[in-house]
Amino acid sequence: MKKIHKLIVKAFIGPLIVTFFISMLVLLMQFLWKYIDDLMGKGLELHLILQFLWYTSLTLVPLALPITVLLASLMTLGNLGEHYELVAAKSSGISLQKLMRPLFVFVFGIAVVAFVFSNNVFPYAFQRYRTLLHDIQMTKPALNIVEGEYYSLIDGFVIRFDRKERDGQTIHGVKIFDHTEGTGNTRLTMARSGIMRTTSDEQWLQFTLFDGHSYSEDVREWQNRHRRPFTRVQFEEQVIRFDLSSFEMNRSEESLFQNDRRGMRLGQLEKAIDSLRELYAVRVDEIQRLVSQHHFFQTFYDDSLVVEPKRLLNLSQESLLESILELAFGQASSVLLDIQHHVRELQNREAHINNHEIEWHRKFALPFACILLFLIGAPLGAIVRRGGLGMPIVMGVIIFIAYFAISIIGEQSVGTTALPAWRGMWISTFIFLPIGIFLLMKATMDSAFLDEDVWRRKFLKLFGKGD
């Protein structure tokens, strides 16, 4: 490798690392903002939070790499052009393609790593991230009883107290409703004051109540609700304990989401797609056989359609025609409903197959996006000749949003069976590849079609204000 090639690769690695961590941070913050309600107030331990963030970050790497390559190529070639290093290289007989060749090889290596990561690490990380997210969502919020509010997260009980003192334990005006028997507000404990604390092992919430009453109504004698036995007990001190085991986070097995298509490797996806297609073909044959037997042959030999000859003699021609049409319309409506049901079933099965094919194509589309966006970012940076974090970031984000939006539209079209999987997942590539080739040609010819000074002069000349 020539010395100039080493210098270009070194100049590329710095922006690559910086933009990668910036992209990961932005994507991670966007993810946390989406699930902030599920994470807040659960009292999660630090190691669980770090573990969740780690697996989440691993699932975001395939999405972060394409925009990282795009921004890094824009910044690198933009810096070289801004400091006239590209001009010096070209004056020495080194074309832009030769300057880009080591970067292309480097980006191709990144694409290979991205494919291996997407096929091996991503499924592993997705299964664990999705399992952790499921367990966190199923976990109750941490115990937080606020004065003046009814608290009902303890199974079978509703708790309320009027005021809590500064020590965080002494409470006043306590009411505890017992709904464990499922008979409504038939059991109530009231006290003037009390002490609320958790046990040392944090497995129980203990209320020590003072100067109160317990009320209970026996609802077994439901025949006469006005004569049910009613019990009132006065106490000076009473201890009530609540089990807090339901507030703990229950860990599910790591294989909980192993059948999710996003947690499958390439070989597993291929096996799943083949199995789903076989089941789809079998179901199509079954539906064709059912429809032909039940709604065609059986219709002509159905006893319910046979009309007695004596009844025909008593019917007028118009009444007979009306009866036949009514019967035919009913049979046709029944056939139509059954066919519509079968069509929806087959559409759902086809969409399920397409979703698996989406993940299969995604294994290749995202790594190839690294190469494609490099072919756009590198010549665009050479044309614009702007380095740093300003203009390249703005242009890179706009290009990536456009690329990502088209990819999402194509993916949704595949999900609704409007497009085949290969066309929907590669539609953004079909659109942006000619753009990349066009930009490379313009950069090779030193075109200034994106130079703001050139466009300013053309604009002024158009309105008669130029020279």
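This is a predicted model: local features need pLDDT of at least 70, side-chain atom pairs count only at pLDDT 80 or more; totals for chains, interfaces and linings use all residues.
1. The bridge partner of Arg163 is His172, which belongs to strand E2. Strand E1, residues 157-164, runs antiparallel to E2, and seven bridges join the two.

2. The connection between these strands deserves attention. E1 and E2 form a hairpin, with five residues between them. Within the turn, Gly168 has a positive phi of about 80 degrees.

3. His172 also has a partner on another strand: in E3, its bridge partner is Ser193. Strand E3 spans residues 187-198 and pairs with E2 in the antiparallel sense, over seven bridges.

4. Is strand E2 mostly covered or mostly uncovered? The strand comprises residues 170-178, and seven of its nine residues are buried, so that E2 counts as mostly covered. In a regular strand, side chains alternate between the two faces of the sheet.

5. Helix H3 covers residues 46-82, 37 residues in total. Its end C-alpha atoms are only 46 Å apart, whereas a straight helix at 1.5 Å a residue would reach 54 Å. Where does H3 have a kink? A kink of about 45 degrees lies at Val61, shortly before the proline Pro62.

6. With regard to burial, H3 is mostly covered, as 27 of its 37 residues are buried. Tyr84 follows the helix and has a positive phi, near 60 degrees.

Definitions and conventions. Residues are numbered from 1 along each chain as its sequence is written. Side-chain values use heavy atoms; hydrogens and water are left out. Buried means under 20% relative accessible area, exposed over 50%, partly exposed in between (1.4 Å probe, protein chains only). Helices (H or I, at least four residues) and strands (E, at least two) are DSSP runs, numbered from the N terminus. Two strands pair if DSSP finds at least two bridges between them. The expected span of a helix is 1.5 Å times one less than its number of residues. The bend at a residue is the angle between axes fitted to the seven residues ending there and the seven starting there.
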